[in-house]
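This report describes a structure with the chains shown below. Please keep the sequence and the structure in view while reading.

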Amino acid sequence: MSAPAPVDDPILVAPRRVRTERLPVPVLVLAIAALVFFALPFLGLLWKVPWGDVWSILTSHGALTALRLSIWCSLWATGLSVLFGVPLAWLLARVDFPGRSAARALCTLSMVLPPVVAGVALFYALGRRGLVGQYLDRWFGITLPFTTAGVIVAQTFVAMPFLVLTVEASFRQLDTRFEDAARTLGGSRWYVFRRVTLPAIRPGLIAGAVLAWARALGEFGATITFAGNFPGRTQTMPLAIYIANEVRPDEAIVLSLVLIAVSFAVLVGLRDRFLGIGRAPTP
Amino acid sequence: MTLDARVRCTLGSLHLDVTLQTPGGETIAVLGPNGAGKTTLFRCIAGLVPVDDGAIDLDGRCLDDPSRGVFVPPEDRPIGVVFQDYLLFPNLSALENVAFGLRARGMAKAEARRRASSWLATVGLADHADHRPSMLSGGQAQRIALARALATEPRVLLLDEPLAALDAGTKSDVRRDLRRHLASFEGVRLLVTHDPVDAYALADRVLIVESGRVVQQGTLEEVTTQPRSRYVADLVGVNLLRGVASRGTISTASGARVVSADVVDGPAFAVIAPHSVALYPAHPEGSPRNTWQAVVTDVDRLADRVRVRLVGEVPLVAEVTPGAVADLGLEPGVAVWATVKATEVTLYPA
C-alpha cells in the first residue's frame, strides 16, 4: 500500500554500474586447454606441410578429381536433405501422429549410428541383393553400391538427421499465430509457408543445411563400405586422404589442408548471412 | 450484412457455447476475464478453429456447419482480423504487410502496393511505408495491423484486444483513432477486450462472456447498471450480492439481510456502490438500516481515495478518504462496523 515512487526520480533512473568481477581462474585454465586442444592438430598439420610440393600435388589429377567429387556429392546430399528433411521436420513439429516419438528416435539413431554400420546396413537394404535394392536392379536397372549415386545416398543418410532436428526445432519455436494471421489475410497454406513460415525458419534452415553439408563432406565410413573406393567415381576427399596417408603422407597433408580450407571458407562466407538475420534494418 | 454465429467448441478445459447475432453496422464488444473463451470465439469465426457443433453464417452463406459438413477455410472467409500483439510479419516492411492480403489473393504487385500505399495514407502512416515492424511504436503497429486487415475489404472485422499492448500514455489517442476508423467500416465489427473503458469508448453493445458462456448482453449502460455476475460488478467497481428478496429485503445465501428502498420480490441482485459504504470503529447509532460487523482484509490506495476490502456477514468493498484510513487506523485485521443506507441499495430481479 505504499505510494508509487515518481519515475523521474534521478536516483531511481540512474543506471547502476555493472561490477566487473575477476574471471574464475579454473574456468579460464580449462577453457584455454580446450582451445589449445582444438588448435593443436591444425598446427601439427601445418608444421608438416611440404610447401615446395603443394602446387604439384594440388594440380595432380587424383587430388582435383577427389575434390570435385567431394563437393559435387556433398552438395547433392545437402540438396536432398533439404528436399526431404524439411517436410519431415514439419511433420515431426506440427502433426501429432501416432509413432511420432518413434519417428524422431529413428532420426536420432541414424545420427548416432557409427557410419560404418550405416554403410553395411545400406548395403543390405539398397545393394544389388538387398531388401529394396534387388527390385531397383531388376525393375529399373538401378545399381547404387560402388557408384557416385551410392556416395550421395550414403552421405544423405548420415547428413539428413542434422538438418531434420535443427529445422524441427525452428518450426517448434515459431509462433504459429503469424501463420494464422496470414491465413486470415487470404493466404493459401502453400503461400503462407513460402512467405511467412520459410522466412521465419531461415536461420535454422541455413544452420541445418550447413551442418548437413559439413557432415556429408567429411563422410568416410558409410561411403567406403557402401560405395567403395574407386578414384573418379566414389573416392571422395576423406577416402583419398586415408589412402594417401598409407603410401604418400605428403599428399595426405596437402589434401587435408584443402578440405580444411574449403570448410573454413564456407563457414566464413555464411557468417555474414547468419549475422544479417538478427541485424536491425537501417531506416 | 448479418453475422449469425452459434459456436460450440471444446478446447482443453474450455467449453465454449456462445450465440452471437448482429445485423452489422454496430460494434459489439466481447468482454470477459482471461480464459473466458473470447479469443477462441474469434478464432472460430475466423476459421482458425473449426466449431464442434453449431453454425456460422454470414449474409446467408454458411462458413462452418459440422452437421452439413461445411467448413470454409480462413483464407476464403471475408473476415479481417487485427490480432492481439498485431502480429505484423517481421521480415516485411509496413507497406508489404498491408499489401500481403492483396498479394495472397493474387493481385499484381504494382497494384497491390498502390492500394496498400493508399491504406497507409488512410491510417496516417504514409511516411512509414518502408519501416520494418520492429521500428514502429505500438500505436503505429496497431494502425498498420488495422490497415492490413481492412485492405482485403472484408465484411467482418475482428479486433482481438486491439489496445492491450499499448502503454497508458498512447492508449487514449490510439483509441480515438480506432473509433474513427471503426465508424467508417460498414461491415460487422467485433471487438474482444477485457477493459471496460475500451468497450465503453468503442462499442454499441457488449456481450459478457465468462467460462465460455454469455452471462449478459445489452448496451453498456444496461450491463453496468444491472450487473448479473461478480465479474461485471468488479469491472464496474460495485458490490454485488445475490439472494432472495421479499418486500425490499434481500436474504443472501450466507444468511445476511440487506434492506433496500426498492420493492422487489423473488431472486434478486443487490448493488451497493463502494462510496455508499461508511465505516465506524464502534456500533453506530443512526438511520442507516444496514449495519454489519466486518474485518478489513485489504487496503488499496488509489489516487485520492482508498478502497477497503472487508469480510464478514456481507463481503464488501468500501471507498473512503485517506483521512478516514488514518483516523480509524484501517489496516488488515482491524474490526469495523459498516453501514449502508437503504436508499443506497439498488435491487433488481435476477
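In chain B, Asp300(B) stands opposite Arg307(B), a residue of β18(B). Strands here are DSSP runs of E with at least two residues, helices are runs of H or I with at least four residues, and both are numbered from the N terminus. Two strands count as paired if DSSP finds at least two bridges between them.

The model is predicted: local features need pLDDT of at least 70, side-chain atom pairs count only at pLDDT 80 or more, and totals for chains, interfaces and linings use all residues. Residues are numbered from 1 along each chain as its sequence is written, while chains are lettered from A and ligands numbered from 1 in the order in which they are written.

Strand β17(B) (residues 290–301) runs antiparallel to β18(B) (residues 306–312), with seven bridges between them. Both belong to an open, antiparallel sheet of five strands, ordered β16-β20-β17-β18-β19 in chain B. Its edge strands, β16 (278–280) and β19 (316–320) of chain B, each pair on one side only. From one strand to the next the twist averages 45°, where axes are lines fitted to C-alpha atoms (for helices over the stretch in contact) and angles run from 0 to 180 degrees between N-to-C directions.

Two antiparallel pairings involve β13(B) (residues 249–252): β12(B) (residues 239–246) is joined to β13(B) by four bridges, and β14(B) (residues 257–259) by three.

| Hairpin | Residues between strands | Residue with positive phi |
|---|---|---|
| β12(B) and β13(B) | two residues | Arg247(B), near 45° |
| β13(B) and β14(B) | four residues | Gly255(B), about 95° |

Across these pairings, Gly243(B) stands opposite Thr252(B) in β13(B), and Thr249(B) stands opposite Val259(B) in β14(B).

Chain A has 13 helices and zero strands. Of its 283 residues, 32% are buried, that is, 20 or more other C-beta atoms, placed from the backbone, lie within 10 Å of the residue's own. Among contacts in chain A with a separation of 6 or more, 74% are between residues 24 or more positions apart; a contact requires C-beta atoms, placed from the backbone, within 7 Å.

Where the chains touch, chain B gives 23 residues and chain A gives 19 residues. On the chain B side, β7 (79–82), α2 (94–104) and β17 are the elements that give two or more residues. This side comprises 12 nonpolar, five polar and six charged residues. Nonpolar means Ala, Val, Leu, Ile, Met, Phe, Trp, Tyr, Cys and Pro; charged means Asp, Glu, Lys and Arg; the others, Gly among them, are polar.

Technical notes
Buried ≥ 20, exposed ≤ 12 C-beta atoms within 10 Å, placed from the backbone. Contact = placed C-beta atoms within 7 Å.
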